[in-house]
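Could you walk me through this model in the viewer, one selection at a time? I would like to know what to pick next and what I will find there.

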Amino acid sequence: MALALSAMSPSECLAQVNAEQVLNIGRNVLSMEDYLLAIQYFNLAIKAKPYLADAYFFRGLAKLSLDDYEGAVADCTLALERNKYKSEAYKVRGFALMNLGKDSLAVEDFRRGLDYNPTDKYFLYYKSVAETELERFDAADTTLNTLLRRYPKFDEGFVARARVRLMQTDTVAALEDLDHALHLTKTQLTAYLMKADIAARQNRWQEALADMDEAVRLRPELPDFYVNRAYLRYNNEDFFGAMSDYNYALQIDSENIGALFNRALLRTEVKELDNAEADFTEVLKREPQNFYARYNRGLVSLENGHAAQALDDFRAIIRQYPRFHPAYYAMAECFRSLGRTKEMFDYIKKGDDLVAHYIQNPSKNPLDRPTIAPGRNDRNDGEPETEEEFLAKFNRLMTSGERVEQPLSFNDKIKGRVQDRNMNVNPEPAYSLSYFSQGQTLRNSSNYFRDLDNLNNRGYLERKIYMTAGSPTPSDQSLVELTFSIESEFNHAIEEKDGKGRPVDYLARGIARTMLKNYDGAIADLTIAIDETDDFATALFARAYTYYMKAKTPISETDAPVATFSVDMQYAMSDLNRVLSINPGMVYAWFNKGIIYYDAEDFTSAIQCFSEAIAQDPEFGEAYYNRGLAYMRQGNRNQAFADLSKAGELGVLPSYHILKKMK
């Protein structure tokens, strides 16, 4: 019997939806931060029971996490229309309104939430933030005092009050609050950033650098932190350190314009003129209208003896800013270098005329003053800038902005995030079964599994099943919808046989449910397939992965994934051992066993499993990579470097980043 996607009509599928069950699955998926898939589950629940306030609320929360603030506001409004006592909807909607710049409406939502829950920490916190944005400082101070009286160990509250005090120019009180926040939580990133900013404004460069060092330690993956630290290192006269930070920022993000531009300025100062010119050129490739880069490239080209090229840049500037008098004097210098005396005097006169007309009547004859050279705007003598002027210009180029605060996060982020380690390195993920292939990769070997290959070739199913690395969950909207359709397709196939489908039907539906993160449903299906067929290695492998993912799933939004041998992890390991008893050379079973041991921090056992996988497939780059990480966690530098080098050779690109960072 042929199976078709149209086997069930939308109304028939909808009639069979258990809205509460679908809602619970959606909540679990939401806790795993798979927001697009979670929204699909909430859509199903809403279609089945459009009166469920929770379905709209959780869909709004998912949209908030995707920065769809308008959508979050709309869904929370729908939730409140169905249940006005759903106070968390006021919190989510208020937060979304703040991000839309509608702080007055946000304050009203937080006030309403406090009517229902007057002691809620985050209603008070967000209300104070919105009041601060509205410059209602007295109201914000009152709200924060209430918050901190009730929650004296809430570090974010002290940071928020420090911000209010800074905006009221009470720096001493602000620093007291920031120090207290850091006393409560040594990993309070925003406090370090604010302290660094305050110290820099007061020219206390060494103190600012110490705080910025802590910020970099906490979030080493953020390139702008290195750009800002380079600025502080420069002011501590550590030119080498500043250059290193710019270089590293560009290793993380080669498109970082701030790092490129500031490195060019520093290279100009230390007379690396060719490199400075190259950096300014790179900036202009990305931002052709960047006046700052064009003007500075012209100056560097002139100093580097490339007067003709400098002329092109200054001409472009004059076309854009015809009253920018320094460009005329710079062009005069170019003509002098080229021996073209007449043009030199012509451009000196043009610059002098602009300045003279400005002095006679500034309002009628204003000069173009693009903020390229702070400290030099009043110069009208056409002389090259002095070292002091150059330093003044450089010191004001905080490319990441004058303030380096972290963006506000919703409360689950505040509560539930564990700070990143100094080097956030994760192993390559476990292998799973999917209806979608991964396409081309750099890996040499094929994802071959004998039992799966036999299943596909014998035509038991019209759909092909693929071995894939990592989560099989589709991220594309159309593929998510297709996966739901595949699940419905096999629902229908099983129901047509009075609920006693073939083992392969349960395998197929179990794989679809795993892809949709309905782990309990998937395990139930795969267990039926295994119980009805001896030595069903494909189903055992699929169930092992599902148990593994269930074990790693947070029970609530604030729980961390399980990292020890839970019951589900033990079930996963048991299934993989059964796979290996059927097929001892099943490389992906060895690899996934290694992942489980790695997560449990049993690195010796993990190394043994990855070594078995490599013995079966010497071109298995991911196994070398993960074994290298396990060796690294054991402190075995030589073996770790050898494995990471081999993994890089085999196409696992993160290997090179780790090797470079560790060396």
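Select K91 and F123: the charged end of K91 sits over the ring of F123, 5.0 Å from the ring centre. Keep in mind as you go that this is a predicted model. Now widen the selection around F123 to F95, F110, Y122, Y125, Y126 and F154, which form one aromatic cluster with F123. For another lysine over a ring, pick K350, which lies over the face of Y347 at 4.3 Å from the ring centre.

Next, a search of the whole structure finds 33 aromatic pairs. One of them is F291 with Y295: the ring centres are 6.0 Å apart and the planes are at 5°, so this pair is stacked. Both residues belong to helix α18, four residues apart, or about one turn of the helix.

Now move on to helix α20, residues 325–337. Ten of its 13 residues are buried, so α20 is largely enclosed by the rest of the structure. Among the buried ones are H325, Y328, Y329, M331 and F335. To see their surroundings, show α18, α19 and α21, against which the buried residues of α20 pack. Finish just after α20 at G339, which takes a positive phi of about 75°.

Conventions: Residues are numbered from 1 along each chain as its sequence is written. This is a predicted model: local features need pLDDT of at least 70, side-chain atom pairs count only at pLDDT 80 or more; totals for chains, interfaces and linings use all residues. Side-chain values use heavy atoms; hydrogens and water are left out. Helices (H or I, at least four residues) and strands (E, at least two) are DSSP runs, numbered from the N terminus. The expected span of a helix is 1.5 Å times one less than its number of residues. Buried means under 20% relative accessible area, exposed over 50%, partly exposed in between (1.4 Å probe, protein chains only). Contact means heavy atoms within 4.5 Å. Rings of Phe, Tyr and Trp (its six-membered ring) pair if their centres lie within 6.5 Å; planes under 30 degrees apart count as stacked, over 60 as edge-to-face and the rest as tilted. A charge sits over a ring if NZ of Lys or CZ of Arg is within 6 Å of the ring centre and within 35 degrees of the ring normal.
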